[in-house]
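Here's a quick tour to read alongside the picture.

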Protein chains: 2
Amino acid sequence: MTGRLYGLGIGPGDPELLTLKALRLLQAAPVIAYPAPEDGDSLARAIVAPHLPGGQTEIAIRMPMVAARFPAQEVYDWAAGEIGAHLEAGRDVAALCEGDPFFYGSFMYLFGRVAETHAVEVVPGVSSLTACAAVLGAPLAARNDVLTVIPAPLDEQALAERLRGVEAAAVIKVGRHLQKVRRVLARLGLSDRARYVERATMTQQRILPLDSLEEEGAPYFSMILIHRRGEAWT
Amino acid sequence: MTGRLYGLGIGPGDPELLTLKALRLLQAAPVIAYPAPEDGDSLARAIVAPHLPGGQTEIAIRMPMVAARFPAQEVYDWAAGEIGAHLEAGRDVAALCEGDPFFYGSFMYLFGRVAETHAVEVVPGVSSLTACAAVLGAPLAARNDVLTVIPAPLDEQALAERLRGVEAAAVIKVGRHLQKVRRVLARLGLSDRARYVERATMTQQRILPLDSLEEEGAPYFSMILIHRRGEAWT
């Protein structure tokens with residue numbers, strides 16, 4: 001009997017936004033795995049910390065600061081090997097995924113390495129996308145709106161092409177791309193429709209109109225929501 | 001002391017995909033409100049039924065079968081009045097929302113009527129979008145993919161314009177628009193990239209390649225996911 005890998009969506013940050021299913025599987029797993037920085041604490045582990053029963057084997061998947069493609073691949077190869085060894089020994093492994101595992105999550109790199117040879121189950125979670133709309137108090141999309149999710153690392157021209165003509169949009173992974181996104185939104189006349197949300201549902205949450213944000217950079221866990229009609233914001 | 005309206009995301013269908021926060025607020029509320037058909041049972045109420053403590057006042061928001069715009073507005077006016085009366089009397093009300101309240105949910109109609117005069121808090125939930133990807137076992141979007149969410153009721157030309165050139169897309173609210181969506185996907189050469197998911201995470205869940213679906217219509221709770229690169233499906 002080999003074990004099963006669970007990709008657990010643990011939600012956007014508030015430990016109470018874990019699902020009952022994720023909680024049950026988290027507490028039953030003899031082994032947990034989670035992403036972590038090269039040094040320091042894992043955000044994913046911190047989110048579930050209030051729920052951990054103690055006594056679990058932990059695999060911290062530590063990503064080098066300069067996350068070039070090849071070192072990252074080596075880290076995931078290593079992590080898949082560690083996880084695979086536990087599965088072979090009959091132990092289930094719960095991989096913690098901030099937000100939802102399949103919404104732009106790094107879980108896909110583990111999934112791609114493990115799913116061909118072992119049983120994997122993905123438990124969906126509350127994504128940052130809907131969490132940001134909830135804390136803003138404004139519908140993300142409604143009726144027959146088309147909703148476009150756009151990663152900020154795209155180049156300036158691609159961002160402009162994707163944002164031109166959107167009805168509702170979320171620009172994700174803002175981080176160091178903040179100024180570029182601002183320029184594009186200004187050029188398209190969308191700045192006054194844009195709201196900025198940082199660390200939604202966490203204790204350090206910040207919400208403000210994009211025009212009021214004074215910083216030139218943003219954390220990775222930030223998002224800009226835009227609704228063209230505007231009435232969705234009222 | 002007036003009460004507070006909670007818009008509770010209760011997830012895509014599996015009662016275990018409720019969050020801990022939604023469970024707590026659901027069980028503490030003296031009044032619950034939920035959408036329901038003109039006759040018969042409410043799906044939202046069925047999802048939370050295993051968790052109900054008993055003894056709560058219930059407001060079924062029953063929508064006429066022919067959901068023209070004006071009758072629907074009257075129903076929401078009535079529901080907002082009922083809810084408002086409980087809030088005025090100091091009773092909290094938990095409004096149950098399938099999936100997430102602000103992801104194409106009908107909660108926006110209550111929110112628009114109640115939020116100007118009363119405290120409203122939205123609790124995000126697991127959306128059908130990420131639930132469908134989880135049960136398919138395939139990332140919804142990854143890396144710098146642009147993800148487009150497209151409501152199937154759009155007309156054929158608008159659907160084609162929105163689907164042309166997408167990297168990753170979810171066509172939602174498929175229902176009686178199935179054949180129209182199929183024609184558009186076929187014309188764009190995307191049919192073999194399209195997967196069909198019906199009632200994700202519910203006991204009657206169905207998953208199949210769109211090309212293998214023999215019916216000419218689909219239930220409202222169905223979605224078509226498309227990924228152009230295809231490798232996200234492997």
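How many residues of chain B are in contact with chain A, and with how many residues of chain A? Chain B puts 39 residues in contact with 39 residues of chain A. Keep in mind that this is a predicted model. We'll start where the two chains touch, then look inside chain A.

**Where the chains meet**

- On chain B, four elements each supply at least two residues of the side that touches chain A: α1 (20–28), β5 (119–123), α5 (128–136) and β6 (147–151).
- β6(B) gives the most to that side of chain B, with five residues.
- Sorted by class, the side of chain B that touches chain A has 26 nonpolar, eight polar and five charged residues.
- β6(B) also pairs with a strand across the boundary: β6 of chain A (residues 147–151) lines up with β6(B) in the antiparallel sense, over three bridges.
- To find this spot on screen, look for A:Val149, whose bridge partner in β6(B) is B:Leu147.

**Chain A as a whole**

- Along its principal axes, the C-alpha trace of chain A spans about 60 × 35 × 35 Å.
- Of the 234 residues in chain A, 49% are buried.
- Take the contacts in chain A between residues at least 6 apart in sequence: 71% of them join residues at least 24 apart.

**A closer look at β2 of chain A**

- Is β2(A) (residues 31–37) mostly covered or mostly open? Mostly covered, with five of its seven residues buried.
- β2(A) runs parallel to β3(A) (residues 57–63), and seven bridges join them.
- One pair to look for here is A:Val31 with its bridge partner in β3(A), A:Thr57.

Key. Residues numbered from 1 in each chain as written. Chains lettered and ligands numbered in written order. Predicted model: local features only at pLDDT ≥ 70, side-chain atom pairs only at ≥ 80, totals over all residues. Contact = placed C-beta atoms within 7 Å. Nonpolar A, V, L, I, M, F, W, Y, C, P; charged D, E, K, R; others polar. Pairing = 2+ DSSP bridges. Buried ≥ 20, exposed ≤ 12 C-beta atoms within 10 Å, placed from the backbone.
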